[in-house]
Amino acid sequence: MLGIGLKVASVCVFVCMSSLLKASDGIPAGQLVFFRSFFAIFPVIAFIAWQGQMAVAFKTSEPFSHFWRGFVGVSAMSLSFYGLTKLPLPESIAISYATPLLTVVCSAIFLRETVRLYRWSAVCFGLVGVVIILWPRMSFFIGETEFGADQAVGALATLGGAGLAAIAMLLVRKLVQTERTPTIVVYFSIASSVIALVSLPFGWVWPTGFQATCLIFAGIAGGVAQILLTESYRHADMSAIAPFEYTSMLLGLALGYLLFGDIPTAEMITGAAIVISAGIFIIYREHRLGLARARARKVSTPQG
């Protein structure tokens, strides 16, 4: 129950972070990434110091792996944040649910993992839901929609961000084999802050007081949410708490309506329901496969 509670708390804080970023209207995506990454460092460092892990947090044997994880993460955030500025909040959240589906695809392509019929079926089913969400915006390109080019490009950017986030998850999966969790979190925040500065010549703006407040608190919220998420995995299996990621849709719908006047479309609700169903099935299937692998290891281990 503690693990589930921490997971739900992290989801709520992440949605609040997205709302703050969206509220800082007029800030370029690269600048959003910088504030999100830089100010996340402070709660992360404070938490690591509180745990007494400062002495080991910065020790790493994989500096280039951290850089590439940061580069892919910054690219994913840039696309996602751009889409967030162009789309209603619930729709942006719904499209991001494609990440676990695309993680399965990337695992099969890049890691040569065996993906059988059940999971491929769930991935295809979930991607149909993604297409349903995207279709009203994509119809812009054939001149059959009420939505403009900004929303069409924003939808594509969000989907691209979900794809890069899936690749980032594979990089993290590799890093956790040799690196501590605090090290991964700290170096990601530092690397993404530095990499985001590359976008400085491409149109950063001086934020107003309101925008600056939103950006700073968004970064702090991102760091706090990352801590809550990491801690949730210490108290419960990933398969047990992963489905609670989808509670973000309920909060996104509420905040989207109350703060930005976003009204969900029938296509968004239908597509999101399909994507969520596929995601939960994949999580369930991973859980069953994990149990089967554990039993196989137990049987094959010599008894002393």
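This is a predicted model: local features need pLDDT of at least 70, side-chain atom pairs count only at pLDDT 80 or more; totals for chains, interfaces and linings use all residues.

Q: OK, so is Ser-232 buried or exposed?
A: Ser-232 is buried, because its relative accessible area is 0% and the cut-off is under 20%.

Q: Which helix is Ser-232 in?
A: Ser-232 sits in helix α11.

Q: And what does the side chain of Ser-232 reach?
A: The backbone oxygen of Leu-229, at 2.6 Å.

Q: Which residues does Ser-232 touch, leaving out those up to four places away in sequence?
A: Ser-232 touches Gly-3, Leu-6, Lys-7 and Ile-241.

Q: Now rings. How many aromatic pairs are there?
A: The count comes to 13 aromatic pairs. One of them joins Phe-38 and Phe-39, edge-to-face, with 5.2 Å centre to centre and 90° between the planes.

Q: Are those two buried or partly exposed?
A: Phe-38 counts as partly exposed at 31% relative accessibility, while Phe-39 counts as buried at 18%.

Q: What about Trp-68 and Phe-71?
A: That pair is also edge-to-face, 5.8 Å centre to centre with 85° between the planes. Both residues lie in helix α5, 3 residues apart, which is about one turn of the helix. Phe-71 counts as partly exposed, at 38% relative accessibility.

Q: Which residues do ring pairs link into a cluster?
A: Phe-34, Phe-35, Phe-38, Phe-39, Phe-42 and Trp-204.

Q: Last topic: at what angle do α8 and α9 pack?
A: Helix α8 (residues 117-138) and helix α9 (residues 149-175) pack at about 155°, and their axes are 8 Å apart. That angle makes α8 roughly antiparallel to α9, because the cut-off for that is over 145 degrees.

Q: Which residues make the contact?
A: From α8, Val-130, Leu-134, Arg-137 and Met-138 take part, and from α9, Gln-151, Ala-152, Ala-155, Leu-156 and Leu-159.

Q: How do they divide into nonpolar, polar and charged?
A: The contact of α8 with α9 has 7 nonpolar residues, 1 polar and 1 charged.

Definitions and conventions:
Residues are numbered from 1 along each chain as its sequence is written. Side-chain values use heavy atoms; hydrogens and water are left out. Axes are lines fitted to C-alpha atoms, for helices over the stretch in contact, and angles run from 0 to 180 degrees between N-to-C directions. Helices (H or I, at least four residues) and strands (E, at least two) are DSSP runs, numbered from the N terminus. Angles under 35 degrees count as roughly parallel, over 145 as roughly antiparallel, 65 to 115 as roughly perpendicular and the rest as oblique. Contact means heavy atoms within 4.5 Å. Ala, Val, Leu, Ile, Met, Phe, Trp, Tyr, Cys and Pro count as nonpolar, Asp, Glu, Lys and Arg as charged, and the others, Gly among them, as polar. Buried means under 20% relative accessible area, exposed over 50%, partly exposed in between (1.4 Å probe, protein chains only). A polar contact is a pair of N or O atoms within 3.5 Å; within protein, one must be able to donate a hydrogen and the other to accept it, and residues adjacent in sequence count only if both atoms are side-chain atoms. Rings of Phe, Tyr and Trp (its six-membered ring) pair if their centres lie within 6.5 Å; planes under 30 degrees apart count as stacked, over 60 as edge-to-face and the rest as tilted.
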